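Look over the structure before reading on.

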Amino acid sequence: MELKLEIENKEGVTVIYPDGFINAHTVNQFEETLQNLVKEKHYRIVLNGEGLEYISSAGMGALMGVIEEIRDNDGDIHLCNLSESVFNVFDILGFTELYEIFEEEAPAITAFDGHNRK
Amino acid sequence: MKRFFNVEFAADTIFLKLATDVTISMCRLAGFNDSTAKDISLAVDEAVTNTIKHAYHFDKSRLVTLQFTITQEELIIDVCHTGNPISNTEIHLPDMEEYMKQYRKGGLGIVLMTRIMDSVSFGSNGNHHYCRLVMKRGRRHVG
């Protein structure tokens with residue numbers, strides 16, 4: 001298994017569960033999923049990294065490719081349950097300043113309550 | 001004493017995970033802790049991806065060689081190819097503040113490589129070109 005992506009809707013928030021790794025080989029699948037969500041106007045997204053083994057710059061680029069449109073529509077991408085090594089990638093790039101990162105899924109979802117609903 | 005290990009594979013992104021797995025094993029052999037080993041394997045992922053993308057333009061019939069050299073002082077990983085060479089002068093690190101303001105999406109691989117490794121350089125020997133990643137075997141990385 002390389003990358004499996006499951007999507008659930010919880011309290012008006014779309015939660016993505018990647019299982020496997022996101023690199024240049026699997027990124028198209030990840031990118032397509034994000035773009036389809038945006039096309040369907042899902043602007044409140046949580047990326048639950050519990051099953052995410054690793055992410056390379058290709059995956060970070062996929063997130064960057066949709067974040068502007070999401071934020072322009074009062075949405076955001078929250079991250080949670082990241083392993084130490086995945087968190088480290090965000091940290092090395094300074095992306096911990098760009099994305100809100102939570103230890104668990106529940107606060108990552110409820111944090112959207114403060115945002116205007118679209 | 002130097003220890004060498006080489007692995008060669010087709011320039012196909014399907015082998016990226018294998019390349020990172022081999023790198024983690026070599027890092028452990030060189031005495032790096034798990035956290036550093038994972039970081040180094042990510043730098044290798046980025047270097048191999050750059051080779052497949054920019055040196056070979058996704059031509060899967062070409063070959064990439066990973067050459068690991070463990071010396072007393074450092075781990076040297078050469079990502080070798082015979083495609084279009086990349087020189088040190090062509091490498092431009094983006095201004096990350098501007099990068100994030102503009103939500104740009106490319107060019108992060110080289111940033112990761114340079115921030116993880118002690119040194120990253122590019123060179124050629126005739127028609128053989130390489131990206132050299134070096135990590136010192138200091139106490140801070142020991143498992």
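**Pocket, interface and cavity**

In the lining of the largest pocket, at least two residues each come from α1 (27–39) and α2 of chain A and from α2 and α4 (108–116) of chain B. The model is predicted. The points below take the pocket first, then the interface, then the cavity.

**Largest pocket**

- The space in the largest pocket is about 640 Å³.
- Its lining counts 28 residues. Nearest the pocket centre lie B:Asn50, B:Lys53, B:His54, B:Gly107 and B:Gly109.
- α2(B) gives the largest share of the pocket lining, with 6 residues.
- By class, the pocket lining has 11 nonpolar, 10 polar and 7 charged residues.

**Interface of chain A and chain B: extent**

- Contact involves 27 residues of chain A and 25 residues of chain B.
- Chain A and chain B bury about 2100 Å² between them. Carbon and sulfur atoms account for 66% of that area.
- On the chain A side, the most area is lost to chain B by A:Met64, A:Ile92 and A:Leu93. Together these three residues make up 26% of what that side buries.

- The rule finds 1 salt bridge across the interface. A:Glu53 pairs with B:Lys17 in a salt bridge, with 3.0 Å between the closest N and O atoms.
- In chain A, β4 (52–55), α2 (57–72) and α3 (84–93) each give at least two residues to the side that touches chain B.
- α2(A) provides the largest share of that side, 8 residues.
- The side of chain A that touches chain B divides into 12 nonpolar, 9 polar and 6 charged residues.

**Largest cavity**

- The rule counts 1 cavity of 30 Å³ or more. The largest cavity holds about 70 Å³ of space.
- Residues lining the largest cavity are B:Ala47, B:Asn50, B:Thr51, B:Val79, B:His81, B:Ile86, B:Met113, B:Phe122, B:His129, B:Tyr130 and B:Cys131.
- In chain B, α2 (34–55), β3 (74–81) and β5 (128–136) are the elements that give two or more residues to this lining.
- The cavity lining has 7 nonpolar residues, 4 polar residues and no charged residues.

Terms used
Residues numbered from 1 in each chain as written. Chains lettered and ligands numbered in written order. Predicted model: local features only at pLDDT ≥ 70, side-chain atom pairs only at ≥ 80, totals over all residues. Heavy atoms only, no water. Contact = heavy atoms within 4.5 Å. Buried area = accessible area lost by both parts, 1.4 Å probe. Salt bridge = Lys/Arg side-chain N within 4 Å of Asp/Glu carboxyl O. Helix = DSSP H or I, 4+ residues; strand = E, 2+ residues; numbered from the N terminus. Nonpolar A, V, L, I, M, F, W, Y, C, P; charged D, E, K, R; others polar. 1 Å grid on protein atoms, 1.4 Å probe; cavity = no way out; pocket = protein on both sides within 12 Å on 5 of 7 lines; lining within 4 Å. Points joined across faces, edges and corners; volume = space filled by probe spheres on them.
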